Amino acid sequence: MRKYDAVIFDLDGVICTTDEYHYLAWKELADSLALPFDRQYNNRLRGVSRIESLNLILALGERQYSDEEKQAMAQKKNDTYRRLLERMSPADVSDDVLSTLKALKEKYPLAIGSSSRNTKFILSRIDLLDFFDVIVDGNDISASKPDPEVFLKAAAALGRKPSLCLVVEDAAAGIEAAGKGGFDSAGIGDASRLEGATYHIEKLSDLLGIL
Ligand code: B16
Ligand code: MG
């Protein structure tokens with residue numbers, strides 16, 4: 001008997017490498033503020049909402065900013081990020097990811113559970129907007145990862161209990177969110193070294209040995 005009934009994928013850092021574009025866009029902003037932001041610190045931002053990410057970056061300095069100033073900075077970062085996303089195409093999905101998604105789609109309903117408000121734009125750039133059965137993103141939630149809301153909404157839309165859905169994540173916040181929601185998780189990349197993940201995978205096709 002199979003263990004899972006459905007699969008919920010994080011987007012940035014799992015389906016595509018937009019995590020790198022987030023880093024480049026935040027780096028540009030942090031450099032303009034002379035804040036010591038680097039790739040290691042960037043790992044803390046994975047899965048965390050835009051405004052919470054900005055607060056983590058601003059915590060690297062002493063200065064306090066008003067809400068209006070923060071909104072302007074978040075908007076500036078998103079403008080830079082969107083310019084990077086506009087260069088994306090279906091070629092930005094690796095063969096490993098695409099073949100794995102196609103193989104899994106024959107056996108399971110598939111969902112996206114992302115904190116990003118740019119999810120649908122990204123999926124349309126890489127030609128996967130109509131591929132997933134369910135998409136829950138940053139526009140649908142009030143609390144971002146590590147709160148489990150995004151995954152709970154995806155499971156509800158799939159009509160499956162959390163214990164029967166496997167969450168695939170690249171972020172510490174996402175692995176924590178899965179655990180809090182009662183989901184098993186597969187950690188990929190940096191998350192694959194996190195203790196909270198049920199499984200540790202190096203590449204997406206490793207899922208085919210689990211599912
Ligand atoms: P946006 P995921 C998350 O997406 C990213 O990992 C995180 O770095 C980003 O701050 C967040 O989305 C919000 O993204 O600014 O596009 O709304 O990993 O949950 O797919
Ligand atoms: Mg991610």
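Contact here means heavy atoms within 4.5 Å. The structure described is a predicted model.

**Residue D19**

D19 belongs to helix α1. With a relative accessible area of 18%, D19 is buried, because buried means under 20% relative accessible area. Setting aside neighbours within four places in sequence, the residues in contact with D19 are D12, G13, N42, R46 and D170.

**Helices α1 and α3**

Two packed helices are described by the angle between their axes and the distance between the axes. Helix α1 covers residues 18–32 and helix α3 covers residues 50–58; their axes come within 11 Å and cross at roughly 40°. The two helices are therefore oblique to each other, and the crossing of α1 and α3 is right-handed. On the α1 side the contact is made by W26, L29 and A30, and on the α3 side by R50, S53, L54 and I57. By class, this contact of α1 with α3 comprises five nonpolar residues, one polar residue and one charged residue.

**Nonpolar cores**

| Core | Size | Residues named |
|---|---|---|
| Largest nonpolar core | 36 residues | Most contacts inside it: F9, I15, I126, L128, F132 and L207 |

I15 is one of the residues with the most contacts inside the largest core. Leaving aside neighbours within four places in sequence, I15 is in contact with F9, D10, V93, V97, L101, I112, I126, L128 and F132.

Methods:
Residues numbered from 1 in each chain as written. Chains lettered and ligands numbered in written order. Predicted model: local features only at pLDDT ≥ 70, side-chain atom pairs only at ≥ 80, totals over all residues. Heavy atoms only, no water. Axes fitted to C-alpha atoms, helices over the stretch in contact; angles between N-to-C directions. Helix = DSSP H or I, 4+ residues; strand = E, 2+ residues; numbered from the N terminus. Parallel < 35°, antiparallel > 145°, perpendicular 65-115°, else oblique. Left-handed = near helix turned anticlockwise from the far one by under 90°. Nonpolar A, V, L, I, M, F, W, Y, C, P; charged D, E, K, R; others polar. Core = buried A, V, L, I, M, F, W, Y, C linked by side-chain atoms within 4.5 Å. Buried < 20%, exposed > 50% of the residue type's maximum accessible area, 1.4 Å probe, protein only.
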